[in-house]
Amino acid sequence: MTTEAPWRRLLAEFLGTALLVTAVVGSGIMATTLSPNDTGLQLLENSVATALALGALILIFGPVSGAHFNPVVSAADWFLGRRTRSGLTTRELCGYIAAQSAGAIGGSILANLMFALPAVEWSTKERSAGHLWLGEVVATAGLILLVFALARAGRSLAAPAAVGAYIGAAYWFTSSTSFANPAVTLARAFTDTFAGIDPSSVPAFILAQLGGLLLGVALLLALYPQVDHRAGEVHVQHPSADEHAAGVASQTS
C-alpha cells in the first residue's frame, strides 16, 4: 500500500469514485440524448466512456491511494493482506468504504446537475432478476481476479488499461451490464437516467457483488497461493524514493 497520509488517500478515493460515477451517469445521459432510439448504441457510448474514464482515473489517483474506487476491491485487499500485513488495515478499510460511498453519491448528483436534472431523482429502472444477479457475481469475481492477478504477477502498472478494458467489455458480456461495485450501485439509485437502478433493486445487486467477491477471492487463493504477499500493490504500485532512484539509475546505466 502507498505511504501517503491517510487523509490524502481518502480524498483520492472520494474524488476518484465521484468522477467514475460522474462518467458512468453523465455518459449515459449523453448517450440517450444523442441516440434516443438506439439502445445498443447507447450502451456502446456508455461503456466506452466508462472504460476510458476508469483507466485515466487509475492513472491519476493510483499513486496516492491505489485507486480502488470499489468497496469489494478494498475488502479483498484487506482480507488477502491480513496475514502479511501488506493490505489495508480494518480502520483503513472502513475509511475507504466511507469515502468511496460518499464520493459515488456525490458523483451521481454532479452528473445530474451538469445535465440540468434534479440533483437527486430516484431511479425507476427495476433490475431485479436471477440472471442479472448471476451477471453481477460473474462481473465482480472477474474484476477481483484481474486486479489481484496483475498484482501477483508484478504487472500492476498495466492496471489502468486492463481494468478499463475489462469493465468496458463486461458491459457487454454480462446480463447486468457489470455494475460490479457496491458504492457505484448505491449511487446509481440517485439518478433516473440510462444508468440508474431502482432503490429496491440495490440490495440484491450488492449481495450478488459480495458473492462475486467471495468467489473471486476463493479462485485467487486456488490459482495464486502467494497472492497475499502482494495485496498492497493494488492497483498501481507506489515505489519508495529509493526504489525510484534505483530505477532511474538502471535506465541510465
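Two residues are in contact when heavy atoms of theirs lie within 4.5 Å. With that in hand, look at the chain in this predicted model. Among contacts between residues at least 6 apart in sequence, 79% join residues at least 24 apart.

The chain has nine helices and zero strands. Read from the N terminus, then, the order of elements is α-α-α-α-α-α-α-α-α. The chain has 253 residues, and 51% of them count as buried.

Where do the nonpolar residues gather? The largest nonpolar core has 45 residues, and Phe69, Ile144 and Val163 have the most contacts inside it. Another core, of eight residues, lies apart from the largest one, and its members include Ala129, Leu132, Ala189 and Ile197. As background, nonpolar side chains tend to be buried together in soluble globular proteins.

Leaving out neighbours within four places in sequence, Phe69 is in contact with Ala12, Glu13, Gly16, Thr17, Leu20, Leu54, Leu57, Ile58, Phe61, Gln100 and Asn181.

Now a pair of helices. How do α3 and α4 run relative to each other? The axes of α3, residues 71-80, and α4, residues 90-114, come within 9 Å and cross at roughly 175°. Angles over 145 degrees count as roughly antiparallel, so α3 and α4 are roughly antiparallel to each other. On the α3 side, the residues that meet α4 are Pro71, Ser74, Ala75 and Trp78; on the α4 side they are Thr90, Leu93, Tyr96, Ile97 and Gln100. By class, this contact has six nonpolar residues, three polar ones and no charged ones.

On to α6. This helix has 15 residues and reaches 20 Å from its first C-alpha to its last, close to the 21 Å expected at 1.5 Å a residue. Its buried residues are Ala159, Pro160, Val163, Gly164, Tyr166, Ile167, Gly168, Ala170 and Tyr171. What do they pack against? The buried residues of α6 pack against α1, α2 and α5.

Last, one glycine. Gly62 lies in helix α2. Is Gly62 buried or exposed? Its relative accessible area is 0%, and buried means under 20%, so Gly62 is buried. Find Glu13 as well: Gly62 and Glu13 are 49 residues apart along the chain, and their C-alpha atoms are separated by 9.3 Å.

Definitions and conventions
Residues numbered from 1 in each chain as written. Predicted model: local features only at pLDDT ≥ 70, side-chain atom pairs only at ≥ 80, totals over all residues. Heavy atoms only, no water. Axes fitted to C-alpha atoms, helices over the stretch in contact; angles between N-to-C directions. Helix = DSSP H or I, 4+ residues; strand = E, 2+ residues; numbered from the N terminus. Parallel < 35°, antiparallel > 145°, perpendicular 65-115°, else oblique. Nonpolar A, V, L, I, M, F, W, Y, C, P; charged D, E, K, R; others polar. Core = buried A, V, L, I, M, F, W, Y, C linked by side-chain atoms within 4.5 Å. Buried < 20%, exposed > 50% of the residue type's maximum accessible area, 1.4 Å probe, protein only. Expected span 1.5 Å × (residues − 1).
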